[in-house]
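Please look over the sequence and the model shown here before reading on.

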Amino acid sequence: MQESDQKTQWQKIQQQLSYTFRTSKFYQNVLQQNSIQVDSITSYVEFSKLPITTKEQLQQYNEDFISIPQEDIIDHVTTSGTLGEPVSFYLNEHDLDRLAENESRSFKLAGITNHDKVLITTTLDRRFMAGMAYFLGLRKLGAGAIRTGGGLPGLQWESIFRFKPKYIIAVPSFLLKLIQYAEENHIDYRNSSIQSAICIGEPLRTSNFELNSLGHKISSLWDIELFSTYASTEMATAFTECNQHQGNHVQEDLIYTEILDQDGNHVADGEIGELVVTPLNVQSMPLIRFATGDMLTYTDTLCECGRKGRRLGPVIGRKQQKIKLKGTSLYPQHIIEILNRFNELQNFIIEVSLDEIGGDQLKILIPESFREIESLKEHLKAFLNVLPEIGFKDSKTLQQLKFPVNSRKPKIFYDLR
């Protein structure tokens, strides 16, 4: 980041700090308990010494984070609850406008203009922030939105051929379901209007920005451009790829990012660390140095598209989900990637639990009808260096585990520890 950009960002950080410490009961308590004087935070150095805000604190003291009068709250949402019970989140008019601005810019990064139509296959209900953000962003951009929501492949294809959208917003796994449905019902999906997909909820790329196995599987069947995105309710901000597909761009006037090691020190460009964020220009529930739990890499090099600023790599796993198996450290996304490379296996669930002495125990659940067991074991041992336990479930149960009734996205990893 250039010095002028850094100065502008620091001014926005100071404004967010001033507002937050004035309005948030939680952060007023943080100041008092840690004997921190607001006036002493005059640079990034002092800022980096502020205590980290954890997901557990957000859950335990949820309402203490609210910084506006209750009557100013317009939208009530919850987090997806990936690592526990969902957390309540609130937005006022200002924050909804900020959400629209963020998504409008994100769509522009992916090449969407006000001449385009976009099919939104993610839910706008179920207290889901992302579905609302997509619609508000497209509305601000002036693009056409087709709100089909999740599931219902038949409705999706009918909508595609009726309205002819150029873009689709979808979870990658759902794109595969759309392809399967089209093939089973003799739909000429390769000659549809869809040219690009804005993908959410699942990583599409490896740490060196190449398509991972899931991305390759989609692109080998359907010749459309795939754009990765990364976001969460707590961040109230999305990170999106440009057409160079070299990482998700950070909108640095809307969010400040830190990637830290286990000791709280900044990691170097290309090294894995935990993403810690401070969303900027937020009023309803501001967060200071919020630890997302997501492990990823970053780069501050100039993008080939010409844009300056930080780009984030794909999430390789969550800090709490790290697995230690027979001396080998693993993250769920790495295991998922290895399993996706084994083309004969179309469906699976990963479970981790504790054994009788408190060590990690890893099990891969696969369909009872699967026959290539020995080949799968050899594949896992070759790429993981350890061999997990193999378990069996009927296909219907596996599908129910992967797509729980009230879940907003596929659930492949179950942490039972």
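Predicted model: local features only at pLDDT ≥ 70, side-chain atom pairs only at ≥ 80, totals over all residues.

Residues are numbered from 1 along each chain as its sequence is written, and side-chain values use heavy atoms, with hydrogens and water left out.

In soluble globular proteins, nonpolar side chains tend to be buried together. A nonpolar core here is a set of buried Ala, Val, Leu, Ile, Met, Phe, Trp, Tyr and Cys residues joined through side-chain atoms within 4.5 Å, where buried means under 20% relative accessible area, exposed over 50% and partly exposed in between, with a 1.4 Å probe and protein chains only. The largest such core has 48 residues, and Phe47 and Leu312 have the most contacts inside it. Among the elements that give two or more residues to this core are helix H1 (3-23), helix H5 (93-109), strand E10 (255-260), strand E11 (273-279) and strand E12 (290-296); helices (H or I, at least four residues) and strands (E, at least two) are DSSP runs numbered from the N terminus. H1 supplies the largest share, 5 residues. Apart from this core lies another, of 39 residues, which includes Val118 and Leu175. Leucine 312 is in contact (heavy atoms within 4.5 Å) with residues that include Phe209, Ile259, Leu275 and Leu296, when residues up to four places away in sequence are not counted.

E10 is joined to E11 by 6 bridges, with isoleucine 259 opposite leucine 275, whereas E11 and E12 pair over 4 bridges.

Which strand holds glutamate 241? Glutamate 241 is found in strand E8 (residues 237-241), and counts as buried at 1% relative accessibility. The side chain of glutamate 241 makes a polar contact with that of histidine 245 at 2.9 Å; such a contact is a pair of N or O atoms within 3.5 Å, where within protein one must be able to donate a hydrogen and the other to accept it, and residues adjacent in sequence count only if both atoms are side-chain atoms. A polar atom of the glutamate 241 side chain also lies 2.9 Å from the backbone nitrogen of serine 228.

The structure holds 14 salt bridges, each a side-chain nitrogen of Lys or Arg within 4 Å of a carboxyl oxygen of Asp or Glu. In one of them, arginine 318 and aspartate 294 bring their closest N and O atoms to 3.1 Å; arginine 318 lies in E15 and aspartate 294 in E12, so the pair ties together parts 24 residues apart in sequence. Arginine 318 is buried at 17%, as is aspartate 294 at 6%. Arginine 417 and aspartate 415 meet at 2.7 Å, N to O, and are partly exposed at 32% and 33%, respectively. Finally, a network of salt bridges links Glu101, Arg105, Lys140 and Asp253.

Definitions and conventions
Pairing = 2+ DSSP bridges.
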